[in-house]
Amino acid sequence: MRRFSKKSHGAVSDINITPLLDLAWVLLVIFIITTTAMVQGIELKLPESTPHETEMESSTPTLSVKKNGDVYMDEERVKLNELEKLIRDLKAAKGGKLPLVLRGDAGVEYKHVVAVLDILQRIPVEELAIATKPFNEP
């Protein structure tokens, strides 16, 4: 009768996770790169102004007004009648001090931007930066 030793030449039951970890790292790097590229938010053609810089944190909420009048809070479309409540809630969550960046498309009708500014004034938002493009940029 033949005895089997602990060393057998059969199938290996261990799973090699090295390729899985390599794939996870690659996916993590791709995720990081794509999220940093999306920070700019909604695609707008900003109006031009004289160059000056104001430093804002990268986590500062951004309001964007597209050419057709659509308003976006960061990446999410918001109706004007919901915007005031959303900003009030956000301001309360931040402890009463909420900096905002307002980005308006160069071709947007003035009334759409004024409607957003009216809401920001009623809340009130004390720290507001209006994004523009310097004259010398293409």
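Predicted model: local features only at pLDDT ≥ 70, side-chain atom pairs only at ≥ 80, totals over all residues.
In strand β5, leucine 63 has leucine 102 as its bridge partner. Strands of a sheet pair through backbone hydrogen bonds, and the pairing may be either parallel or antiparallel.

**The two neighbours of β2**

- Strand β2, which covers residues 62–65, pairs with strand β5, residues 99–104, in the parallel sense, and four bridges join the two.
- With β3, by contrast, β2 pairs in the antiparallel sense, over three bridges, and here valine 65 stands opposite valine 71 of β3.
- The hairpin made by β2 and β3 has five residues between its strands, and within this hairpin glycine 69 takes a positive phi near 100°.

**The sheet as a whole**

- Five strands, in the order β4-β3-β2-β5-β6, make up an open sheet whose pairing is mixed.
- At its edges lie β4 (76–78) and β6 (127–131), each of which pairs on one side only, while the twist from one strand to the next averages 30°.
- Helix α2, residues 80–93, packs on this sheet and touches β2, β3 (71–73), β4 and β5, and the direction of the helix makes about 20° with that of β3.

**Leucine 63 and the nonpolar core**

- Leaving aside residues up to four places away in sequence, leucine 63 touches Val71, Tyr72, Met73, Leu83, Ile87, Leu100, Val101, Leu102, Arg103, Val116 and Leu120.
- The largest nonpolar core has 17 residues, and those that touch the most other members are Leu63, Leu83, Ile87, Leu100, Val116 and Leu120.
- At least two residues of this core are supplied by each of β2, β3, α2, β5 and α3 (110–122), and the largest share, four residues, comes from α3.

Conventions:
Residues numbered from 1 in each chain as written. Heavy atoms only, no water. Pairing = 2+ DSSP bridges. Axes fitted to C-alpha atoms, helices over the stretch in contact; angles between N-to-C directions. Contact = heavy atoms within 4.5 Å. Core = buried A, V, L, I, M, F, W, Y, C linked by side-chain atoms within 4.5 Å. Buried < 20%, exposed > 50% of the residue type's maximum accessible area, 1.4 Å probe, protein only.
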